[in-house]
Amino acid sequence: TDVADGAASGTGRNFPGYMTLYRRGIVMNVTNPKVSLFFLAFLPQFCDPARGSVALQVLSLGVLFMLATIVVFWTVAA
């Protein structure tokens, strides 16, 4: 019997699927207040109103942060 199956281990649960787990992770990160506080408190320090739209700068820094996070997480997962 396959123990990773869930049914053989006695829990009766099936694997929910990778997309379900991915969506669950996205929802958890979006609703995490620590992430919001980080972006609201840390990123604006690096924005300069003389260089253009502050909202666009914060968005750009947020995208760079997400790209760096993806690279790090993929490296750890590999």
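**Entry 1: helix α2.** I began at the start of α2, where a side-chain oxygen of Asn 32 comes to within 3.0 Å of the backbone nitrogen of Lys 34. I note here that the model is a predicted one. I then asked how many residues of helix α2 are buried. The helix covers residues 33-41, and of its 9 residues the number buried is 0, so α2 lies largely in the open.

**Entry 2: the salt bridge.** I searched the whole structure for salt bridges and found 1. Asp 48 pairs with Arg 51 in a salt bridge, and their closest N and O atoms are 3.8 Å apart. I recall that side chains of opposite charge can pair when their charged atoms come close. I looked up the accessibility of both partners. Asp 48 is partly exposed, at a relative accessible area of 32%, whereas Arg 51 is exposed, at 72%.

**Entry 3: helix α3.** I turned next to helix α3, which runs through residues 54-77 and has 24 residues. From the first C-alpha to the last I recorded 34 Å, close to the 34 Å expected at 1.5 Å a residue.

**Entry 4: a nonpolar patch.** I listed a nonpolar patch on the surface formed by Leu 56, Leu 59, Val 63, Leu 64, Phe 65, Met 66, Leu 67, Ile 70 and Trp 74. Together these residues have about 940 Å² of accessible area. Is Leu 64 buried or exposed? Leu 64 counts as exposed because its relative accessible area is 55%, and the cut-off for exposed is over 50%.

Definitions and conventions:
Residues numbered from 1 in each chain as written. Predicted model: local features only at pLDDT ≥ 70, side-chain atom pairs only at ≥ 80, totals over all residues. Heavy atoms only, no water. Helix = DSSP H or I, 4+ residues; strand = E, 2+ residues; numbered from the N terminus. Expected span 1.5 Å × (residues − 1). Patch = residues over 30% accessible without salt bridge, like charges linked within 9 Å, V, L, I, M, F, W, Y side chains within 5 Å. Areas by Shrake-Rupley, 256 points an atom, 1.4 Å probe, with all protein chains shown as cover. Salt bridge = Lys/Arg side-chain N within 4 Å of Asp/Glu carboxyl O. Buried < 20%, exposed > 50% of the residue type's maximum accessible area, 1.4 Å probe, protein only. Polar contact = N/O pair within 3.5 Å; in protein donor to acceptor, adjacent residues only side chain to side chain.
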